[in-house]
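Please walk me through this structure, starting with a sheet and moving on to the packing around it.

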Amino acid sequence: MQSINTHLKILIFIMVSLGLLVTGYQIWVLEIPIREDETDDIWSLDAKVDFRATPGVPVKAQLFIPPLNQEYVTLNESFISNNYGVSVNQLNGNRRVTWSARRASGTQSLYYRLVLTKRYGAEPIESRPPAARQPIALDGPEQVAADALINPIRQHSADIETFISETIRRVNDITDDNVRLLLDGQPTPLNKARVIDLLLSNARIPLELVHTIRLEPSTNQEPELWLRSHNGERWLYFHPETGQQGIPDNRLVWWTGNLPLLQLEGGRAGTVSFTINNSEMNALRLAKMTTEASPSALLEYSLYGLPLQAQQVYQVMIMIPIGVLVILVLRNLIGIQTLGTFTPVLIALAFRETQVGWGIVLFTLITALGLSLRSYLEHLKLQMLPRLSIVLTFVVIIIAVISLFSHKLGIERALSVSLFPMVILTMTIERLSITWEERGGGHSFKVALGTLIAATLSHLLMTIPELTYFVFTFPGVLLVLVGFMLAMGRYRGYRLTELMRFKALTKQG
Amino acid sequence: MLFWKTWKALSEAGVMGINRRNADYVLKYNKRHLYPVVDDKILTKERAIAAQINVPDLYGIIDTEKDIGKFTQLVENHKDFVIKPAQGAGGDGILVIGDRYEGRYRTVSGKIISLEEIEHHISNILSGLYSLGGHRDRVLIEYRVKPDPIFKSISYEGVPDIRIIVLLGYPVMAMLRLPTRQSNGKANLHQGAIGVGVDLTTGITLKGTWLNNKISKHPDTANEVAGVQLPDWDGFMRLATSCYELSGLGYIGVDLVLDERKGPLILELNARPGLNIQIANDAGLTHRCHAVERHVAELKKAGRTETVEERMAFSQQHFGKPVFLSADEAPVEEPPVEPDTPAPDA
């Protein structure tokens with residue numbers, strides 16, 4: 001007995017932890033939404049390139065576009081241009097699109113559109129740390145100014161991180177003469193970044209310029225400049241003006257390096273304007289889209305991989321264990337008597353088709369009529385099988401009559417008593433009459449009432465849409481249910497109704 | 001909370017609930033494949049006869065429609081007899097014939113019925129009208145038990161029977177079931193019969209239960225049910241104890257009757273005995289069952305088994321009322337004094 005108990009405990013543990021593990025994996029690793037109506041942001045980024053083409057000269061416009069190895073999933077990417085050839089190539093870890101045309105004239109507009117979403121993105125692939133660098137050579141006064149800045153910075157810093165912060169702080173102090181000299185009177189972020197780069201190169205600290213786009217609905221957004229450096233372990237991001245460390249979540253890296261966003265040959269007055277829009281999309285639909293877009297088998301092996309019709313059937317079927325659980329709790333913990341274990345669940349399923357209120361009315365009416373016929377037939381001393389056959393035939397007639405009457409009265413609902421509920425009803429009446437014969441009318445009334453309560457409860461629970469979605473999406477919870485049921489199999493405590501039944505035993509005397 | 005208080009009180013009193021009965025006793029000690037022995041009264045009877053255990057005499061078995069014609073032949077030499085479905089439950093379908101009257105039959109309740117009616121009844125039994133789940137059944141015709149007159153004062157019609165719960169061959173609790181007007185003369189607690197606890201040591205009745213309440217008087221005869229000495233109590237105990245070997249089931253309810261001529265007889269066995277016996281005895285089953293299980297475990301360690309007599313003695317020594325394991329002397333005491341009487345000395 002002891003070994004069986006340990007066995008059982010281990011089994012429960014395995015079931016519960018396996019179920020939780022699978023569900024947890026789906027929720028936290030695959031990031032499948034917990035609620036059906038959960039939505040995700042979808043960002044659509046438009047970059048519009050305008051320029052005036054120089055007549056008679058081949059046109060070549062090169063625009064940086066975001067690398068795809070980020071923590072976003074690209075849903076769609078398109079290049080829109082008339083009469084231009086398009087090619088995308090890699091350049092120093094960046095991606096660049098090249099539009100080219102033999103000849104063009106007048107104002108030209110080229111579009112680049114990227115649609116992406118954050119959820120379901122893979123971990124971004126870290127780019128390799130840059131190699132150690134040589135100091136950028138400077139002449140006379142600038143070298144002196146740089147040295148004058150670097151020495152106190154070095155004294156006020158402990159490592160690469162603090163060195164960079166300190167440098168950014170000093171470069172943004174425009175009252176400093178040395179800084180003014182190096183900036184050459186142009187305090188733009190880009191120029192500041194150049195000076196910071198210059199100073200850091202003297203300290204042999206690598207630095208990269210990162211041009212980012214904020215993911216928020218806006219038009220005419222300018223790319224925001226960030227600096228990043230590698231401390232040997234990871235990339236550190238800094239804002240070149242505020243010195244703020246760490247890049248906010250909503251920044252999308254567009255390109256890195258010193259090169260300008262747009263390079264134009266055979267054209268002039270080139271401008272790039274960004275328009276960013278966001279829309280919401282059902283997270284689950286999105287998940288399916290990303291599964292199609294990427295090779296990851298995110299939902300491939302879930303029930304969503306089934307054909308749609310099969311999915312609908314399974315959405316009903318997978319809730320049956322929940323209904324059974326209700327019956328188990330009602331019977332073994334509360335102590336309500338029901339007609340067998342599965343019958344209440346079947347009635348609950350039948351309620352799906354008739355609606356619960358109507359279902360209860362029909363169930364009560366038909367069962368009462370069927371049973372009263374049965375007790376009448378008892379006087380005739382008929383044998384069991386013929387008597388049951390009569391009852392069942394009568395039930396079919398009752399159902400037909402009810403359907404007919406309610407149709408004439410304009411209540412269409414009763415017509416919904418289709419084949420499935422009818423079979424269940426007749427079966428219930430058969431079983432109830434057997435109970436009546438074995439245990440008497442009072443008992444069978446109690447059982448019928450218990451069955452009705454159990455069926456209603458499990459129907460209500462089985463049709464909660466959130467629960468259906470959850471169990472259907474995370475079938476692992478069924479294993480947790482099995483664990484609970486296993487534990488219930490060894491439950492030895494009293495049932496709630498037994499506390500009433502044995503109440504006399506608590507009184508003394 | 002109210003429920004919690006009741007729960008604790010019950011659990012302290014060792015009252016057994018259905019869940020515990022099923023998990024710890026029925027499922028643990030009763031092998032499924034042995035159920036037919038107790039579900040089919042004919043099988044039970046055959047086993048009992050083979051083991052020389054007293055049962056009502058078997059007059060005949062009818063198992064096909066064709067054999068219904070043999071009925072008159074089977075009961076030819078008997079003035080009174082009982083017709084029973086072999087797999088009936090709750091006493092349904094039992095026809096008790098007490099006498100003959102002008103070629104017809106008279107039931108014990110005085111109703112005159114014809115041979116055709118009896119044959120129709122037999123046919124109903126065969127078609128499974130009274131069997132669990134409506135399976136085809138067999139008909140048993142046997143000796144009619146005449147209850148000992150001792151029960152006259154505390155019983156209404158019918159035959160009172162005695163239910164003894166036997167765990168691993170050790171009787172743990174006993175109850176006398178008395179038919180009432182409400183139960184239509186049937187000794188079935190669900191149908192309104194009363195259950196009266198019986199002291200295992202002496203065979204003297206205790207107070208009773210009726211519809212889950214404690215009672216002390218029979219509702220129909222208004223006579224006190226407590227304090228009646230059941231005759232040949234050791235005979236009852238011996239029969240019940242030996243049912244363990246007979247059935248092989250570890251947790252059974254044995255139903256016995258007392259015939260005025262033949263003494264204690266076994267009527268039937270039950271593999272899922274009800275729990276109301278606890279109310280009748282005003283005592284819980286759990287502690288007694290644990291005591292038996294401990295005792296059996298000790299015996300197993302010592303590598304020996306006990307005979308029917310030894311097991312009977314163990315039970316009678318330990319499960320008298322009150323349930324003190326030390327009570328060696330016969331606990332023939334006054335029932336507990338009302339708590340609010342000061343009573344320095346009775």
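In chain B of this predicted model, seven strands make up an open antiparallel sheet, ordered β11-β10-β9-β8-β7-β12-β13. Strands are DSSP runs of E with at least two residues, helices are runs of H or I with at least four, and both are numbered from the N terminus; two strands pair if DSSP finds at least two bridges between them. At the edges stand β11 (213-215) and β13 (263-270) of chain B, each with a single partner strand, so one side of each has no neighbour in the sheet. On average, neighbouring strands are turned by 30° against each other, direction ignored.

Within this sheet, β7 (residues 161-167) and β12 (residues 251-259) of chain B form an antiparallel pair over six bridges. Leu167(B) lies opposite Tyr251(B) in β12(B). Helix α9 (residues 285-302) of chain B packs on the sheet and touches β7, β8 (170-178) and β12 of chain B; contact means heavy atoms within 4.5 Å. The direction of α9 makes about 150° with that of β8(B), where axes are lines fitted to C-alpha atoms, for helices over the stretch in contact, and angles run from 0 to 180 degrees between N-to-C directions.

Ile164(B) and Trp233(B) have the most contacts inside the largest nonpolar core, which has 72 residues. Such a core is a set of buried Ala, Val, Leu, Ile, Met, Phe, Trp, Tyr and Cys residues joined through side-chain atoms within 4.5 Å; buried means under 20% relative accessible area (1.4 Å probe, protein chains only). A second, separate core of 45 residues includes Tyr304(A) and Leu478(A).

Residues are numbered from 1 along each chain as its sequence is written, and chains are lettered from A in the order in which they are written. Local features need pLDDT of at least 70, and side-chain atom pairs count only at pLDDT 80 or more.

Conventions
Heavy atoms only, no water. Buried < 20%, exposed > 50% of the residue type's maximum accessible area, 1.4 Å probe, protein only.
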